[in-house]
Amino acid sequence: MSIDIALNSKILIVDDTEMNLRILISALGDVYDVSVATDGFSAFELLEEELPDLILLDIMMPGMNGYEVCERLKADPRTAYIPIIFLTALTEIKAKSKGFEVGAVDYITKPFDIVEVKARVNTHVLMQRNLAELKKAHDAIEVQRKRMQLELDLGMKIQNNMLPVVFPENKEFGLAAYLKPAKELGGDFYDFFFIDDENLCFCVGDVSGKGVPAALFMAVSKTLIKSSATSELSPSKILQKVNCEISRDNEAMMFVSLFIGVLNIPTGEVLFSNGGHNSPFVVKSDGCVEEINEKHGMVLGFSGAMKYKEGRLLLGRGDSIVLYSDGITEAVNIKGEFYNESGLAESLLVEQSSVCEMLQNVLAKLDRFVGSAEQSDDITALILRYNGV
């Protein structure tokens with residue numbers, strides 16, 4: 001044991017026999033700061049002034065025996081943590097068992113073996129100092145954890161505020177969206193906004209990874225999409241602009257899958273481009289569900305030279321388009337089974353009176369499938385229903 005630790009350690013010896021006190025002081029006084037008490041009452045008086053790192057406590061004492069002293073010490077939060085070694089001539093198992101029951105950590109039997117005394121005291125003093133250091137480190141970690149949690153909560157609030165307020169049902173279209181991150185901060189996002197009076201842009205994206213890096217990459221991607229779409233009606237060109245920007249200086253090699261569409265409200269025509277994202281579904285007004293299985297380019301972020309194609313579809317009155325992230329189709333239940341695209345498609349077959357009801361049904365069926373299994377990925381869905389002009 002380090003000499004510095006020993007010299008800084010305080011030991012209280014409580015024994016009513018003068019010879020025992022002399023022996024213990026002689027054995028420990030050169031290394032430790034030793035104080036003595038001849039009975040339990042005087043020991044408590046000393047403890048009011050200063051707390052030791054270790055107490056050597058005789059069992060057989062007048063007035064208040066060692067068991068009673070130990071019980072009182074362990075009942076007081078101020079002294080409960082101090083290790084106590086009993087000093088006793090009692091060798092019966094029952095006597096030792098009772099000592100451990102009331103809170104002692106060790107025994108030293110009389111007559112004393114000086115080598116044993118030093119070894120046991122050194123061991124428990126060092127253990128106590130190590131525990132103190134561990135507690136100090138734990139407290140520091142806990143302070144840091146709470147600070148980080150506050151920052152994560154703030155980040156989650158900022159991220160949530162970046163998502164648009166869902167439009168209510170109106171004359172031309174209905175729209176509902178949902179996002180539930182797997183952690184405080186996620187990489188999924190959705191967005192919708194008017195490019196002009198006749199064209200509505202909508203999208204769902206999924207950034208690689210989780211936590212703060214994914215959240216920052218998500219914020220950048222979402223901002224670039226909106227700024228690129230303010231002067232551009234072509235989804236493929238929007239993807240190209242966004243990809244060019246986020247690929248630049250992307251040393252972390254993060255990427256985002258993205259489906260973006262532009263609805264022309266007077267005609268119901270949707271131009272769309274899929275950059276490595278999940279294939280959306282179209283739910284016809286007659287209840288038929290179709291998958292738009294078109295990919296127009298790879299995920300965004302790897303190469304600024306990537307070119308994207310685009311497709312088009314015509315939504316009739318009452319038709320809906322359903323965008324989602326793989327947090328839905330790759331959700332796993334307690335049996336290890338995946339929800340898959342088939343599970344999502346089945347949830348869309350039920351007749352719905354509104355787009356909000358359709359979304360609620362999708363989420364309810366997913367929740368029943370997953371059950372008590374832990375959510376492993378962000379869950380995002382956006383449903384747009386065309387009502388016609």
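The second largest pocket holds about 180 Å³ of space. Of its 14 lining residues, Lys284, Ser285, Gly287, Glu351 and Gln352 lie closest to the centre. By class, that lining divides into 5 nonpolar, 5 polar and 4 charged. A pocket here is an open set of points on a 1 Å grid over the protein atoms alone, where a 1.4 Å probe fits, with protein on both sides within 12 Å along at least five of seven lines; lining residues have an atom within 4 Å of a point. Volume is the space filled by probe spheres set on the points.

This is a predicted model: local features need pLDDT of at least 70, side-chain atom pairs count only at pLDDT 80 or more, and totals for chains, interfaces and linings use all residues. Numbering starts from 1 along each chain as its sequence is written, and side-chain values use heavy atoms, without hydrogens and water.

Now the largest pocket: about 260 Å³. Its lining has 8 nonpolar, 3 polar and 4 charged residues. Helix H11 (355-370) gives the largest share, 4 residues. Helices are DSSP runs of H or I, at least four residues; strands are E runs of at least two.

Next, strand E4, residues 84-88.

E4 runs parallel to E3, joined by 4 bridges; pairing needs at least two. Leu57 partners Phe86. E4 also pairs with E5 in the parallel sense, over 4 bridges.

Technical notes: Buried means under 20% relative accessible area, exposed over 50%, partly exposed in between (1.4 Å probe, protein chains only). Ala, Val, Leu, Ile, Met, Phe, Trp, Tyr, Cys and Pro count as nonpolar, Asp, Glu, Lys and Arg as charged, and the others, Gly among them, as polar.
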